[in-house]
Structures are given as structure tokens and as C-alpha cells.
Amino acid sequence: MQELILYIQPQLVNEAAQDFVRVDLMEAELITLTQVIQDVKEIDKLFTDYSRTFNLPASKTNNKIFKYWYNPDVIGFDNQVMASAIIELNHLPFKEGKIKLEEVVMKDNKPSMYKLTFFGNTVSLSNLIGEDQLENLNWLSNINYLSSFANIKDGFENGIDITVNSVTYTDAIIYPLLTHTQQYIFNTVSDYNNFGNIAYVSGYTDTEYYNKRGVFPEDLKPAIKATLIIKAIEEQYNVKFKTGEFFDSAAISNMYMWLHREKGSVNQDLNSQVIVDTTFSCAVGTISGAVVESDSCNFFATTTQAKFDNGKWEIEKTSDLDNFQTTHTVTPSSSTQQYTIKIIDELNGQVLGETTGVGVQSIFIKHDVPVGSQMSIGDKKNIVAQIVSDYQLTFTTEIKIFAAEFALTSIRKNYFSIYTHTTQITTINDTLSIISNIPKMSVLNFLKGLFKMHNLTAFVNDNNEIVVKTLDSFYSGGDTIDITKYVVTDKNTIGATLPFTEIDLQYPEPKTILAQQFLQQNNQRFGELEFISNASKGSKYIVEAPFEKMMFERLNDLSDGSQTGAQYGLFIDDDLNPAIGAPLLFYGISKYTGSGQFINYVETTRPASGTPAAGTRYGISNYWMPSNYNEVGTTSTATTYNTNFGSEINEYNLTDYGGANNSLFQLYYQNYITRVFNKKTRLFKYKAILPLSILIKLSLDDKIVVGTREFTINKMTTKLQSGETELELLNEPT
């Protein structure tokens, strides 16, 4: 029997971290610990070390650790946060982890025993994260950037580098050729009046459409590198993923998450303004045939009832009024760049008027009063003008207030009281907020999704780093340990490995048009793989990654049917409406379109209907292509990685490489699943009495030798003081 020593770091409410304290144990009780990294019965679950619930006596030391938790009226031990714990065997380090206080057994209104469960350190990550969403990852705010026309074009062509704390993250943000609404075609000889035709034709002279069609900035949404989300998780929860492991591998180095939180265009506010205040003035004279009497200027007192304050026009009348009108005129510094004016009553949020165009624009608004009533003296209107522009422009704005009917010396008159106000406004291109646009997804689901896609496993090493590996890589890193002489050989069992005969690896039901059509035509989701054994039909085990799965489209030149270098994604449903689905992960490839196949990129705004305003036109020869593959590849050589569970035709190269295309199944699942489905594979269960020297060094990636057979560990459960161990082992089929 070895001595088990348990240290707990008390977790007290609203107090600093305490020192580790050695607890008192029940003399006769053996603590049993189960270790499992992946169970053949639940192949998509991430496991950790865990103990059976064990008891601690209510000794003076233990009472101090868990003080007063049994009394809900007293603040003491915090059971909502797992406390750190260390297990030693004969004073040698064995396991670090967390303990959870399950309950207190009371006797004569006093604690007599505490019931606890021990968990390995890997569980601490899920405990830290809880229900947090990706939008709660504050570090991502460091990736915010100015969403100007220039930056959108740069993100589409080259990618945007972001520097945080002197570290530069290359291509942190890209704008892939992936649209939320607009369908594209490519035609170099006609369809010039099709606003979705993205073919750039050098030298063509159709001036009516050449700068009004193609890829527009608002068609696109940005995407952020998946590795930066992982970095944000490290920063948010003060954890460290070990460098040099899977999260640093080429398998995800150019994987991106599309910032598609809501249907339609990007969630962005471009209304920041610098406003120089100017007081109102009243005009006297004849306006459009109406006489403006000097007395009428008293209807709105210049300094009190008609004034400009904190970026809004505040209008308060001094006499009863049936209605009044305002005209808002905006003159921009450029006569060719499109912008939008929106007039809002700030008191109730009502949009009073809105218009989009170029050059000088005016909005006339009649502020009606319900029939049979009048605005009482002292009623206010707070009118805010929002000017939205993708350009840094200076605008001259003017407001004219017309009092239509008012009481003056008890006689109703139809004279006008005209007040004007002029101010200078400079629009500022706002930063695009990552957390305001990142998809709605929990942090844990994001991590679990990556784990399910790539059959990953994780554990905490001696440096308190989280080591993330593929399962094949994990099992290749252990030692080979012969425990034959410690095994109880007079009795063991040999059983089947799996309670199911089919494994389905898939993504959620698709929300985009091409993937929906694929499902309807093939009765199978795009990217899905069904692995069916030869055994009698049984139950199915489903592994579903929580990400959207899209099919992308390589465009042909409609003029001659030839393939272009342009591949794009269209996020609309089969009713041709903008869609929202699960968060989208894809590979971003910096792609050259090819000679004579440039993309027509136009800096303008796409209206809901009608002809877009003319904009600045560019021929783009390099762009960011969305793909299910990490590289372009060739028609003869498969790409190194892709996001399909099964074998699919590469949308760009139009080949499936005879099925040997490095799918997720082939790279990460095949070795393990074909092994456990092998007719020669069995699940061996042994009992052994393991000495301390074996217990201290044995880990789940080790290969175990019993007799002449070699096994991998599926699960092991040990009574720590006695070394009595129950082993579930998978044999290596020959």
C-alpha cells in the first residue's frame, strides 16, 4: 500500500487565492481514479482523468477548507468554482487537477463528512469558459480595423496585416470572394448591363456600365484567421496551448471564420461625425412669395427655442402650432461619391426621412400634428442627421425651419418663420468591430468543432500547457511498457469493441443553395462520410461538427465556356434569399485569376434595386479565394488538407483524385476507426496490481504488453493506494 496525499487550494468567495493545504483522508477508503483520453464507445468525446466520488472526514483541517459551505447564510467556500488539487503517491507527484465539492453529510446539525470528485486539469478549460460566446473574447478587439474602401480592396486583393503588442499577424483579416446576397457571372463579351458580371474587360468603352457592375465592397464580408480566435481564448482565460502542436500546424494555418453574424451586409456603423456648432438665425423678407414678418422671428427664440447642441438640432416653439416643416440640405466635398442622409427624431427614434445619392441632396419633412390638436408650448423636436459614407468627405449641412401656421395677436396667419443653421461635418471611417460581427457561437463549441473535424485530443503537461494533438499523433508518442508480471492472469474478459456498426461524420443541414441542391440530388450532405461495417445492421454513431458546410463555384466565362480563375461562394438559400446558418470555416487562398481574366472591382454602393451609382473601377488580378481545400492543387495531385469528411469533387479542379484526396476521415479518423472495426480487434479487460514505479510513469499514450500481445489503452481505473487497476485494452490486429 502506498500513501496517498491530497492537497487542496481552498476557493473562498471574494478572497485571494489561498495556499495549498494537505487534507485529512478517511483511513479505510481507497480513492479510485479513472483515466481515459478517448473511448471507443464515444469516439467524438474529449475525456479527462476523473475519480469516483470519495469521502473526507469533517476534521478540523477539512472544516477550515470547506468552512460554512453547508450554511447558505454564511459566505465561505465557493462551490461554484472548482478548487485546484494535487495528488501525491508516497510524496511523489502523481496528478494535478481540480476537485468539486458534491455535498456535505450533516449529523446533529454539524458536518460529519464531505463528498468530493477529482478531475484532471483538462476539465479546467471547460470550467473556465463556461457558456461564454465568441463575442466575449475581448482580445479580438485588437484586430479591429478601419473599414474604408481602401482597406476593403486591400483585404480582397492582399489581406490585412494586424499588429498587436509589436507582434504582426499576417493576413489576419481577408475579404474572400464570398457574397451574402449578390450572384455573380463572368462574361467578357456581353452582359455588360448585368450588375453581377464581374469580368474586367481592358479598354472596353461602354461608359454607361463599365464602372457600375462587378464586385462591390458591400458585397463582401471579412473573415478572421481561426488561429487568432485560438489566441484570443488563450488571452481571455490565461491558458497556454503548447506551441508546435496541432494549433500551429499547416492544417489550420490558413483557415478562416467568415464574419457573418446576420443576414445581408456587414454589421457596421459609419456615422461618426465631427460637428462644429453654429447658432440658428432668422431670415426676414419674402421667401417664395410668402412674406416673413419681423414679428414671426419671435416664434422660435434664437437662443432658447431654436438651437444646436451636442450634434442635434433642438427645436422648441413659443406659440401654439399645427405643424411645421424642415428642409435638410447636404453639400459634399465630392460630387461623385455616394452617401446616405438619414433624419431621425431622437426623442422617439423615428426615422423621418432617408435618401441615398451623390452630389447635393435635400430632404423635406413635414412634422404633422394629429388632427384636432396642437403642439403645446414647450414641446420639442430633437432632430439628428446621420450621414453615412465610405469616404472621408467634408459635408456642408443646412437646416431650414418653416413654421406653417401659428397664432400671432390671436389672428391665424400663414406667414413663414424661416430659421437656418449651417455646420461642417466630416465623416470618419469607423473601425469594424470583430466581436460585433463574429458569428453567434460558444467558445466551447468552437473548440469542440475543431476537435471533431480533426479527431483531436488534449491533455495538460507538466508545464501547465494544454497539449492538442491528433489521436494518431498522441498514440505515436508514448512508451512501450510490459506489465505481464503484474496482471491477474487467472481471469480476464474479451469483448466486442463497438456498440454500433455505422459511424456518420457530418456537418449540420446546409443553409446555402448549392449545398442544399447537393443534398436533394444525392440524399447525403456535402462533405459527409458514412462508414459502414460488414457486421449485421445495428445502431449509428453520429459525429457532427458545428460549422456550416458550403459548396463553392468556379466561374466559367460565358463568352466561350472556358474556366476562369475566379471561384466564389454564394450564401443564399434555395429561395434565392440571404441566409444565415452555422458559423462558416473555410480555407483562404491568395489566388491569381489568370491572364486576361481579371475581376472587375468597383468602389460604389449596390442599391436594393435599380442602377448602382458609378464608382472607381479596378481590374483585380489577385484575390482571396474561399475554398474547402488549403491550396489550389492540380488535377493530378490532391491538396494536403481539406474540410470534407468524405471524398468530394474539388470544386476548383473538378476531380476527386480517385477518392484519395486527404479528407478529414483519411487523415484523422481512418487508422483509428478501421482498427476498432477490424474483425480481429477485441476489447480486452484485465485486472492488475501495479506498483508505484509503474503508476507514476504510465500514461494513456503508452503501449501495454501483456504476454506476447501489444495493446493501446482505452481506459484504466485505479485504486490509488493499493495499485489495483482495471484495464480496458485494444489489441493491435495482425
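Helices (H or I, at least four residues) and strands (E, at least two) are DSSP runs, numbered from the N terminus. In this predicted model, local features need pLDDT of at least 70 and side-chain atom pairs count only at pLDDT 80 or more, while totals for chains, interfaces and linings use all residues. Residues are numbered from 1 along each chain as its sequence is written, and side-chain values use heavy atoms, with hydrogens and water left out. Lysine 687 lies in strand β44 (residues 683-689).

**Confidence**
- The protein chain has a mean pLDDT (the predictor's confidence in each residue, from 0 to 100) of 83, and 81% of its residues reach 70 or more.
- For residues 269-276 the pLDDT is below 50, and this stretch has 31 contacts (heavy atoms within 4.5 Å) in the model beyond near neighbours in sequence.
- Residues 405-415 also have pLDDT below 50, with 28 contacts beyond near neighbours in sequence.

**Lysine 687**
- Leaving out residues up to four places away in sequence, lysine 687 touches Tyr486, Val487, Val488, Thr725 and Glu726.
- Between lysine 687 and lysine 491 the C-alpha to C-alpha distance is 8.1 Å, although 196 residues separate them in sequence.

**Helix α4 against helix α6**
- The axes of α4 (residues 226-237) and α6 (residues 443-454) come within 12 Å and cross at roughly 130°; axes are lines fitted to C-alpha atoms, for helices over the stretch in contact, and angles run from 0 to 180 degrees between N-to-C directions.
- That angle makes α4 oblique to α6, given that under 35 degrees counts as roughly parallel, over 145 as roughly antiparallel, 65 to 115 as roughly perpendicular and the rest as oblique.
- On the α4 side the contact is made by Ala226, Ile229, Ile230, Ile233 and Tyr237, and on the α6 side by Val443, Phe446, Leu447 and Leu450.
- These residues divide into nine nonpolar, no polar and no charged (Ala, Val, Leu, Ile, Met, Phe, Trp, Tyr, Cys and Pro count as nonpolar, Asp, Glu, Lys and Arg as charged, and the others, Gly among them, as polar).

**Helix α6 against helix α9**
- α6 packs on α9 (residues 664-677) at an angle of about 80°, with the axes 8 Å apart.
- α6 is therefore roughly perpendicular to α9.
- Phe451, Lys452, Met453 and His454 of α6 meet Leu664, Tyr668 and Tyr669 of α9.
- By class, this contact of α6 with α9 has five nonpolar, one polar and one charged residues.
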